[in-house]
Amino acid sequence: MEFLSRAASFLRNIFRRRHVDRDLDAEVASYFEILMENNMKNGMDEQSARRAARLEVGGGGQVQDEVRHTQAGAWLQTLWQDIRYATRILIKNPTFTLVAVLTFSIGIGANTAIFSMVNGLLLRPVPVPHTEQLTYLVQRHEGWSNGFKYPIMDEIRKQSGDAFSDVAAVVPFQMDGLAANGGSQPIWNEYVTTNFFSLASVTPALGSFMATDTKNIAGNDAVLVLSHAYWQTHFAGDPNIVGHAATLNGRPITIIGVAPKGFRGLTPVFDAQGYVPLGLLASMQGQKPNSDTSSVIVFGRLRDGVDLAKAQSVLAVVAQRLAQEFPKTEKSLVLRAALLGSGIIGGNGANPVPAIAAIFLVLAGLVLALASANVANLLLVRAIARTREMAVRSALGAARGRLVRQVLTETLMLALLGFAGGAALGYIGSRALGSVDLRTDLPLLLDFSFDWHVFMFALGAAGLVSLLAGLVPALRGSRVDLNEVMRESGRGVSSGKQRFRSALVVAQVSGSLTLLIVAGLFVRSMINAQQVDLGFNPNQVVNFGVDAHAGGYDEPRGREFYRTLLERTRTMPGVESASLAATVPMGPISLGGAMHVEGFAETPGQPKPSANMNAVSPAYLKTMGISLLHGRDILESDSETAQHVALVNEVMAQRYWPGQDPIGHQFSTGEDFKNVIQVVGVVKNSHTSSLSETIDPAYYVPMMQEYRAAQTLQVRSSVAPSTAMQAVRGLVRSLDTNVPVFDVRTMNDALNGMDGLLLYRMGAGLAGMLGLLGFILAVIGVYGVMSYSAAQRTREIGIRVALGAKPAQVLKIVFRQGLFIVGLGLVIGTAVALALGKVVAGFLVGVGGADPLTYLVVGIAMTVAALTACFVPARRAMKVDPMIALRYE
Amino acid sequence: MGDKQTELLQGTLDMLILKTLALGALHGVAVAARIEQVTQGTFQVGPGSLFPALHRMEEKGWLKASWGESETKRKAKFYELTKPGRRQLETEKERWKTISVAVSRALEI
């Protein structure tokens, strides 16, 4: 009842403010009149009656004010007042407001964007039930790897039932050609064991998943499950798709179901478009059955109540047993399970993404710390500058709680503005990171979308800092000894706080120096990467991915198809040279492996001989502009039946035939090293898999002797790339509409892809941006503190000048403090950067983690900037007119 | 009696006002006069404490306010007790009795 009544009054007070006020005024006026009337009734004359009444009621709405304080909703009125006052103050100091808000925004925004990226790459759980039970397995032979041979995986599955309810295997990233309604379309499939979907615990959106036979989980039914997205885009969500007969790579297959919406398999980053039983992999990819050269990725779902530690101990037993069962191949096997979402698959040294992500997280964290320090600094400085205002208001009767609330309101408004800016920046940033063109047709899912968790984190961190930074001075300011402050003005500042602010600035200078150095290293590395002598000439070359196999061609017909394609391409106008290759430099496919080199003594303990391989057609060297140093090129006569031959690069020649002419020597590859290959030529080194300095041994074999179902047609022509692209696409279509053409791009574009320059570019861009942000923040910080402390000392300087101090001496006083702070920051920053440089060094091209030039340039830039920031206030101090300084206040 | 003392005796003031209004609706000046008269001048309630108290109690729903005419035909705001106000008066009386008995005993010892 009482509450209802209060609530009604609250609403009335808020929404009918004017009415309530007018009513109150009328009531007070009537009170006054009646009082006066009574006074006159008691015998006073009109004038004294009025005076007596006036004396009692008071003027200027005092009574009304008293009433208003007790009214329901009074706090809201106060808040509104505080907000209006804070707004006025913020508008009156636009520089301060802008700097503080921008600082907040930058810190929160950068952090949010980068955290979103890391989140998307590493941390975001896959959308399936009970992800906390999902693990992937890794094994160690010589190094850790997540690739398993299928039979071993199957043994693990059978023997680890105590820990895992399901163990499934997948082979992702397989491009097939799906022909359902005439014309074949590329589809990126994941080949999965039939228990894959039960492991994932998902149910089909339509139809069914593969039938599971626990004896043989690889499965042999020619069935296909489509992803929801592929079903929507390629079949327009046709509800009658289940049971639809189609062909995959020319072989009949039945579409049996559609995976649920949003399900993208368990392999991070890969956005699988279809799922095919693993048992079909060999035949679909045109490999001999049971050639277990391909490795599978293994997932396990923990049983209810089984934790990771238990699973590890079960796996340890299994590994031991397998080592005994297969002493030849699995002698030193170690098995481990890792939780899905605890890092990208393959994130055990083989894949640089987690390390790079971690580095950027550290850098972004540094920016946030710098931003927070800056805001704290700004607020502290301002609070001290306002000590006098606080004292005056306090002297005029403002309650302490009221003052604290006022300052907090201001801080929170700043923070809110900063959050808004940070959200916008973070959103734009994560969008920009997510929309980077990866220059591949692979369906990669880089979902760097703005993540609310991340944003809340950044917001919380910055919010806490601002609250502390606002609260401490507010409490202090409201407790000041009024007398002292009023009398001594600005000199009532404790030196302890000054020291704290100086420490903040030292931290800022060192933090931003670290950021800048790392940024510098990345930028230098990118420049180096761009200037690396590739060993081939990418200009004027266009690549076309062609997959005859996906068009339903078997090997003999495929060979014929590619021969015709090459012949026709060469007759097209403008074509200078055309050739076929199994892989392109910096492309997603890398071939090669272990080999046996005749006459090369293998040292035990050293890695076995291995090399990268590419299968190419004649004229490849001409198309790519790779020079033949010695011997002969691959010729048309190097046919399927002729002696197998190879061209080797300089590194391979030197490593395995040091001091000799490699031509005529032999090495062998393949299963049991039965494929004997004779070296017929030596070619110049070229960067094929990365831009780092070390070039791996590599050899080229004739495509005719190492047939590949999917090949890349490379065309060097004098016509514009777009013209060439159109012409070749048309050519393939005219040969067979079922053969898909994909990954069509210029060689230069391809070089900028995932494995090429893209990472260097992104790295340099990101690091550069963070470095710049840190730089700006540090300059703001140094400037803020120096100019404040110079202003604080205006009186002192005035006295000194009055006593005859020379401008140079004044300059020295102000500068000395700045120099000390900056110097200390530089030393600490360099030390931190050296430590971080060691970590980063692995990702740099042609530059070490302790590159002296970078350190020098960045150090000088930082010093100059910081000293300039000191110089401005110092100059102002130098010009202090003693008369004005001393007369002030 | 000044504002400072009234603050201390806020509960008392509320009770006095409720008691004063228990006999019928009155306007502000009349309330103040009646209290002064009844307490024989011990409590002089100025508008600075009377108005906040009246409005606070009105917002709590103990009093009801309405415009009316004074004895001299002046427009004035009249306050009267509501049902919850009456209940509140009883509560306050009980409380006061307990306190005054307790305090008197304490002082007698």
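A residue counts as buried if 20 or more other C-beta atoms lie within 10 Å of its own, as exposed if 12 or fewer do, and as partly exposed in between, with C-beta atoms placed from the backbone. Helices (H or I, at least four residues) and strands (E, at least two) are DSSP runs, numbered from the N terminus. The model is predicted: local features need pLDDT of at least 70, side-chain atom pairs count only at pLDDT 80 or more, and totals for chains, interfaces and linings use all residues. Residues are numbered from 1 along each chain as its sequence is written, and chains are lettered from A and ligands numbered from 1 in the order in which they are written.

**View 1. Strand E10 of chain A, covered on both faces.**
In a regular strand the side chains alternate between the two faces of the sheet. In E10(A) (residues 274–277), Gly274(A) and Val276(A) lie on one side and Tyr275(A) and Pro277(A) on the other, and all of them are buried. Strands are said to pair if DSSP finds at least two bridges between them. E10(A) runs parallel to strand E5 (residues 184–192) of chain A, to which 4 bridges join it; Val276(A) is the bridge partner of Tyr191(A). With strand E7 (residues 223–226) of chain A, E10(A) pairs in the antiparallel sense over 2 bridges, and here Tyr275(A) has Val225(A) opposite.

**View 2. The open sheet of chain B.**
Strands of a sheet pair through backbone hydrogen bonds, either parallel or antiparallel. This sheet has 3 strands in the order E1-E3-E2, with antiparallel pairing. E1(B) (26–27) and E2(B) (63–69) stand at the edges with a single partner strand each, so one side of each is left without a neighbour in the sheet. E2(B) and E3(B) (residues 75–81) are joined by 7 bridges in the antiparallel sense. Across this pair, Lys64(B) stands opposite Glu80(B) of E3(B). Helix H2 (residues 17–41) of chain A packs on the sheet and touches E1 and E3 of chain B. The direction of H2(A) makes about 105 degrees with that of E3(B), where axes are lines fitted to C-alpha atoms, for helices over the stretch in contact, and angles run from 0 to 180 degrees between N-to-C directions.

**View 3. The contact between chain A and chain B.**
Two residues are in contact if their C-beta atoms, placed from the backbone, lie within 7 Å. Chain A contributes 23 residues and chain B 20 residues. On the side of chain A, the elements that give two or more residues are helix H1 (2–15), H2, helix H3 (46–57) and helix H4 (62–70). H2(A) gives the most, with 8 residues. The residues on this side of chain A comprise 8 nonpolar, 8 polar and 7 charged; Ala, Val, Leu, Ile, Met, Phe, Trp, Tyr, Cys and Pro count as nonpolar, Asp, Glu, Lys and Arg as charged, and the others, Gly among them, as polar.

**View 4. Helices H25 and H26 of chain A.**
The axes of H25(A) (residues 807–840) and H26(A) (residues 852–878) come within 9 Å and cross at roughly 150 degrees. The two helices are therefore roughly antiparallel to each other, the term used for angles over 145 degrees, with under 35 counted as roughly parallel, 65 to 115 as roughly perpendicular and the rest as oblique. Residues of H25(A) in the contact include Val810(A), Phe815(A), Gly818(A) and Leu826(A), and those of H26(A) include Tyr855(A), Gly859(A), Met862(A) and Cys870(A). The contact residues divide into 16 nonpolar, 4 polar and no charged.

His130(A) lies in the loop between helix H6 (94–123) and strand E1 (134–140) of chain A. His130(A) counts as exposed because it has 10 C-beta neighbours inside 10 Å. Lys73(B) sits in the loop between E2 and E3 of chain B. Lys73(B) is exposed, with 7 other C-beta atoms within 10 Å.
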